[in-house]
Amino acid sequence: MLTLRLLPEHELAEVTDPERCVELAVPRRTQGRITVRTLCLTPADLVRLRTETDLALADIRTEVMRAEAAWHERLAQWHADGRAAVEATRPDTALLSLLSEGLRASL
């Protein structure tokens, strides 16, 4: 989970670029260990990051929705093809005759 923190004034005194006053902590899981990498950003960098992230997520959502719609179309076609195949098949009259004879014999 990402965390944001506005650096306090006493920490900014030691920073070479005080405009980078927003600290972004990015946890990473590698080989069973979680490490946290921190970045210092300007507020404008943070806004750009948010905008670009939103655009990327919107593109991903669009692609997922397209893939889901295509899957539903294929599923509907398979269903229609299966139904047509079942309806086109004639009943096996020889099997029905044997079944009918068997039922008569058991009564």
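E23 sits in strand β2, residues 22-30. Strands here are DSSP runs of E with at least two residues, helices are runs of H or I with at least four, and both are numbered from the N terminus. This is a predicted model, in which local features need pLDDT of at least 70, side-chain atom pairs count only at pLDDT 80 or more, and totals for chains, interfaces and linings use all residues. Residues are numbered from 1 along each chain as its sequence is written, and side-chain values use heavy atoms, with hydrogens and water left out.

E23 counts as buried, at 18% relative accessibility. Buried means under 20% relative accessible area, exposed over 50%, and partly exposed in between, using a 1.4 Å probe and protein chains only. Leaving aside residues up to four places away in sequence, E23 touches T3, L4, R5, L7, T38 and L39. Contact means heavy atoms within 4.5 Å.

One of these partners is also a charge partner. E23 and R5 form a salt bridge, 3.0 Å from N to O. R5 lies in strand β1 (residues 3-6) and E23 in β2, so the pair ties together parts that are 18 residues apart in sequence. A salt bridge is a side-chain nitrogen of Lys or Arg within 4 Å of a carboxyl oxygen of Asp or Glu.

R5 is partly exposed, at 33%. R5 also bridges to E11, with the closest N and O atoms 3.0 Å apart. E11 is partly exposed too, at 26%.

Elsewhere, D17 pairs with R20 at 3.2 Å. The count of salt bridges comes to seven.
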